[in-house]
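Have your viewer open and follow along.

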Amino acid sequence: MSEHTHAINALQQRVAERQASSLLGLIAGELEQMIINGTLVAGDRINESALATQLGTSRGPVREALRQLEFSRLVEFRTNRGMFVRQISVDEAARLYDIRASLFGLAGRLAAERGVTPEILETLHTKVSRLDQAVPQVDHYYPANVDLHRDLVALSGNPRLLDLYNDVSKELHLFRRHGLETENARHTSNSQHAGILEYLAVGNAGETARLMEAHILSGKERMLAAL
């Protein structure tokens, strides 16, 4: 085999690996979205064949994507039974809420210290306004709420913090929805978002951190009351 042919084969292999990785990422993202929007809930058995048909792919990539989600503790394998959306106890959920609150508060402090551009603030205010319009329907409100929280944490400028926050949050999807089941809860939640943006806009790190941590702890109390 010539050096030129070897180089072409190596390139083709790298392209194929990147395409496979992209496909797995797309499938994993779609599965996570199905959990976020309530199509799949904690305790549901995941039918690989049905999902493969629904996503227009073979079972192999679906199986590999599920293994990725297993590492993030979103799903779990049960011997001789298959893959299931992971269930956690209320006590474990409460502990995860406390961790998530601290991470969210830290993200708020770092974001305020870094400063936020007018353009980013405008985007955040637009998302809060859209959440106001989504308040009547939890299926519309909850995914947009998840998206806003990720945006706020990303403003910390700390990718590792965002990863940690996302990992903890993924385990809590079912419980977070429970805490937002009523229209009043969703209205309260979004009012708190608006308050956070006020202090973030002026760079008040202490108050931004306090309100963002309190926002998650408020969600924890709503979740516990709902259950």
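## Helix H9

The 19 residues of H9 should span 27 Å at 1.5 Å a residue, and this agrees with its end C-alpha atoms, which lie 27 Å apart. Keep in mind that this is a predicted model.

Which residues of H9 are buried? They are Ala185, Arg186, Ser189, Asn190, His193, Gly195, Ile196, Leu197 and Leu200. Their packing partners are H4, H5, H6 and H10. Just after H9 comes Gly203, with a positive phi of about 75°.

## The nonpolar cores

The largest nonpolar core holds 39 residues, and those with the most contacts inside it include Phe104, Leu124, Leu152 and Leu200. At least two residues of this core come from each of H4 (90–114), H5 (118–134), H6 (138–154), H7 (159–170), H9 (183–201) and H10 (205–226). H4 gives the largest share, nine residues.

## How H6 meets H7

Two packed helices are described by the angle between their axes and the distance between the axes. For H6 and H7, the angle is about 155° and the axes are 9 Å apart. Angles over 145 degrees count as roughly antiparallel, so H6 and H7 are roughly antiparallel to each other. The crossing of H6 past H7 is right-handed.

At the contact, H6 brings His149, Arg150, Val153 and Ala154, while H7 brings Leu161, Leu162, Tyr165 and Asn166.

Terms used. Residues numbered from 1 in each chain as written. Predicted model: local features only at pLDDT ≥ 70, side-chain atom pairs only at ≥ 80, totals over all residues. Heavy atoms only, no water. Core = buried A, V, L, I, M, F, W, Y, C linked by side-chain atoms within 4.5 Å. Buried < 20%, exposed > 50% of the residue type's maximum accessible area, 1.4 Å probe, protein only. Helix = DSSP H or I, 4+ residues; strand = E, 2+ residues; numbered from the N terminus. Expected span 1.5 Å × (residues − 1). Contact = heavy atoms within 4.5 Å. Axes fitted to C-alpha atoms, helices over the stretch in contact; angles between N-to-C directions. Parallel < 35°, antiparallel > 145°, perpendicular 65-115°, else oblique. Left-handed = near helix turned anticlockwise from the far one by under 90°.
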